[in-house]
Amino acid sequence: MKFLDEAKVYIRSGDGGAGAVSFRREKFIEFGGPDGGDGGRGGDVWVEAVNGLNTLIDFRFQQHFKAKTGMHGSGRNRTGANGDDVTLRVPVGTQIFEDDNETLIIDLTEEGQRFRIAKGGNGGFGNAHFKTSTNQAPNWANPGLEGEEKTVWLRLKLIADAGLVGLPNAGKSTFLAAVSRARPKIANYPFTTLHPNLGVATVDDREFILADIPGLIEGAHEGVGIGDRFLGHVERTRVLLHLVSAQEEDVAKAYTTVKYELEAYDGGLEDKPVIVALSQIDVLNDDEVKEKAKALKKASGKTPFLISAISGKGMREVLRALRDVIVDADDGEEGTLAERPKKNRKKADVSFEDEDQEGEE
C-alpha cells in the first residue's frame with residue numbers, strides 16, 4: 001500500500017425532499033382536506049477517525065462523495081424517507097481544511113471521533129402543514145432545501161510518541177528496524193526513505209511509537225531535496241531523537257544543518273525535547289568515536305548517546321532516555337499515546353529488556 005498524506009475531495013450533502021400537495025378524497029367522507037406530507041431530510045456528510053488506517057490512499061481513487069437526497073412527501077400525511085448519510089473514514093491524526101488549505105475545520109486525534117462537515121437540507125412542508133381556520137384548502141407546499149457542497153483538503157499527521165530526524169543516511173531506518181517490527185527500506189544511498197514509517201518499540205515493558213521520516217538536507221525548508229513536507233508527521237511527538245552518523249566528516253555541521261531546518265519549519269519542533277545520538281559507531285575505532293562525540297557535544301551542548309543498531313551498543317540506553325521523556329510528558333494526562341492498549345499495536349520484536357540482549361537489524 002502506498003503512503004499518501006494529503007488529498008483533495010469534493011463533498012455534497014443531500015437535498016431535502018419536497019413537500020406534497022394532496023387532498024383527502026374518500027367515499028362517504030363529506031369533508032376532505034389537505035393531507036400532503038413533508039419531504040424527508042437530505043443526508044449528511046461525516047468524517048470519522050478509524051483504527052487500522054495510516055494513509056489517505058483510498059482518496060486517490062475516489063474524490064467525490066455525495067449523500068442521498070431526501071424522498072418527497074406524499075398523500076395521507078406520509079413523510080418522505082431521509083436520505084442516507086455518507087461517512088469518510090480517515091486515519092487517526094487527519095486534519096480537515098477548507099478549500100484554501102489553510103482554514104482548519106477539525107483535527108481528528110482520537111479513534112471514533114466524528115464530525116459533520118456538510119449538513120443535509122431540510123425537507124419541505126406539505127400542504128397539510130399550512131392548513132388554518134381561514135385557509136382550509138392550501139394548494140401549495142415547500143420545496144426541500146438544497147444541501148451544502150464544498151471542496152476540502154485532508155491532511156494526515158501521523159500520531160507517534162517519538163520522532164527520528166537527521167540527514168539522509170544517518171541510520172534512522174536501521175534504528176527503526178532494529179527496535180521494532182517495521183521493515184523500512186534500507187540502502188547505502190541518500191533518500192532511501194521516501195515516506196514516513198511507524199514502528200512500536202518496547203523497553204522495560206513500556207511501549208511507545210516511533211516515527212521515521214525522510215532525511216533533511218540544507219535548504220529543505222525551501223523545498224530542496226524532498227523538502228520539509230514530512231516534518232508534519234513529527235509535530236505531535238513528545239520527543240525527537242536526532243541521529244548524526246559517525247561517518248560524517250563534520251558531525252557538528254551535520255547537527256547544525258538539521259537543527260536549522262527544524263527551527264525554520266513553523267511547527268513548534270524547535271521547542272520539543274531533543275535527544276542527540278551519534279549513530280553507526282561500529283564503523284570507526286574508539287579514538288575516532290571519542291573525537292567525533294566531543295565535537296558533537298560541543299555543537300549540541302548535550303552529551304550524545306553512542307549507538308550502533310547493528311551491534312546493539314547503546315540502543316537500550318537511548319530507548320530508556322526516550323521512554324523517560326515520554327513518561328514525564330504523560331504524567332497527569334489520560335488516554336495518552338504511550339498508554340494506548342496493546343491490542344491496538346503490533347508487538348515489537350526487540351525489547352532490549354535484558355542486560356545481555358543485543359540489538360539486531
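Residues are numbered from 1 along each chain as its sequence is written, and side-chain values use heavy atoms, with hydrogens and water left out. Because the model is predicted, local features need pLDDT of at least 70 and side-chain atom pairs count only at pLDDT 80 or more, while totals for chains, interfaces and linings use all residues.

The predictor's confidence in each residue is given as pLDDT, from 0 to 100. Its mean over the protein is 86, and 87% of the residues reach 70 or more. Over residues 334–361, however, the pLDDT is below 50, although this stretch has 79 contacts in the model beyond near neighbours in sequence; a contact means heavy atoms within 4.5 Å. Where pLDDT is low, the predicted coordinates should not be read in detail.

Helices (H or I, at least four residues) and strands (E, at least two) are DSSP runs, numbered from the N terminus. Ala18 is found in the loop between β1 (6–12) and β2 (23–24). Although Ala18 and His72 are 54 residues apart in sequence, their C-alpha atoms are 4.8 Å apart in space. Leaving aside neighbours within four places in sequence, the contacts of Ala18 include His72, Gly73, Asn142 and Pro143.

Thr94 stands opposite Leu108 in β8. Six residues lie between the strands of this hairpin, in which Asn101 takes a positive phi near 65 degrees.

Helix α2 (residues 172–179) is mostly covered, with eight of its eight residues buried, that is, under 20% relative accessible area with a 1.4 Å probe and protein chains only. Among the elements covering these residues are β11 (162–165), β14 and α5 (315–330).

Strand β14 also contributes to a cavity lining. A cavity is a set of points, on a 1 Å grid over the protein atoms alone, where a 1.4 Å probe fits but cannot get out; lining residues have an atom within 4 Å of a point. The whole structure has two cavities of 30 Å³ or more, and about 50 Å³ of space lies in the largest cavity, a volume being the space filled by probe spheres set on the points, which are joined across faces, edges and corners. The elements giving two or more residues to the lining of the largest cavity are β14 (239–245) and α3 (251–264), and β14 supplies the largest share, four residues.

Key
Two strands pair if DSSP finds at least two bridges between them. On a 1 Å grid over the protein atoms alone, a cavity is a set of points where a 1.4 Å probe fits but cannot get out, and a pocket is an open set with protein on both sides within 12 Å along at least five of seven lines; lining residues have an atom within 4 Å of a point. Buried means under 20% relative accessible area, exposed over 50%, partly exposed in between (1.4 Å probe, protein chains only).
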